[in-house]
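Please look through the sequence and the model before reading on. The report that follows takes up strand pairing, the nonpolar core and individual residues in turn.

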Amino acid sequence: MKKDELMQLVGKRVKVTFKCNGKEIVGELGYTKEFSEKYNYRRPKYFTIRNYDFLISHVKKVEVL
């Protein structure tokens, strides 16, 4: 999956499976554009679901729910 494809899913409810451990996370996909209060001081240029921050390189599979 490429970043542009994942960016199209921002704001939607998804299930993400990670490469390293096969762990799955369900929730609304977000994207942090900058380190600021608006994004709860999360890492910039990372995708988010709940309290998890991750890069596209960590993603094995994404399903839209």
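## Pairing around strand S1

Valine 16 has valine 62 as its bridge partner in S6. This pairing belongs to a predicted model, in which S1 and S6 run antiparallel and are joined by five bridges. S1 is also joined to strand S2, residues 24–28, by five bridges, and these two strands again run antiparallel. On that side, valine 16 has isoleucine 25 in S2 as its bridge partner.

The hairpin formed by S1 and S2 has five residues between its strands, and within this hairpin glycine 22 takes a positive phi near 75 degrees.

## The three-stranded open sheet

Three strands in the order S3-S4-S5 make up an open sheet with antiparallel pairing. Its edge strands are S3 (30–31) and S5 (52–54), each of which pairs on one side only. Between S4 and S5 the antiparallel pairing extends over three bridges, and isoleucine 49 stands opposite tyrosine 52 in S5.

## The largest nonpolar core

The largest nonpolar core holds 13 residues, of which Val14, Val16, Leu29, Ile49, Phe54 and Val62 touch the most other members. Two or more residues are given to this core by each of strand S1 (13–18), strand S4 (47–49) and strand S6 (59–64), and S1 supplies the largest share, three residues.

Phenylalanine 54, one of the residues that touch the most other core members, is in contact with Val16, Phe18, Leu29, Tyr46, Phe47, Thr48, Ile49 and Val59 when its neighbours within four places in sequence are left aside. Val16, Leu29 and Ile49, which are among these contacts, are also listed with the core residues that touch the most other members.

Is threonine 17 buried or exposed? Threonine 17 counts as buried because its relative accessibility is 10%, and the cut-off for that class is under 20%.

If residues up to four places away in sequence are not counted, threonine 17 touches Gly22, Lys23, Glu24, His58, Val59, Lys60 and Lys61. One of these, Gly22, is the hairpin glycine with the positive phi described above. Val59, another residue that threonine 17 touches, is also in contact with phenylalanine 54.

Conventions: Residues numbered from 1 in each chain as written. Predicted model: local features only at pLDDT ≥ 70, side-chain atom pairs only at ≥ 80, totals over all residues. Heavy atoms only, no water. Core = buried A, V, L, I, M, F, W, Y, C linked by side-chain atoms within 4.5 Å. Buried < 20%, exposed > 50% of the residue type's maximum accessible area, 1.4 Å probe, protein only. Helix = DSSP H or I, 4+ residues; strand = E, 2+ residues; numbered from the N terminus. Contact = heavy atoms within 4.5 Å. Pairing = 2+ DSSP bridges.
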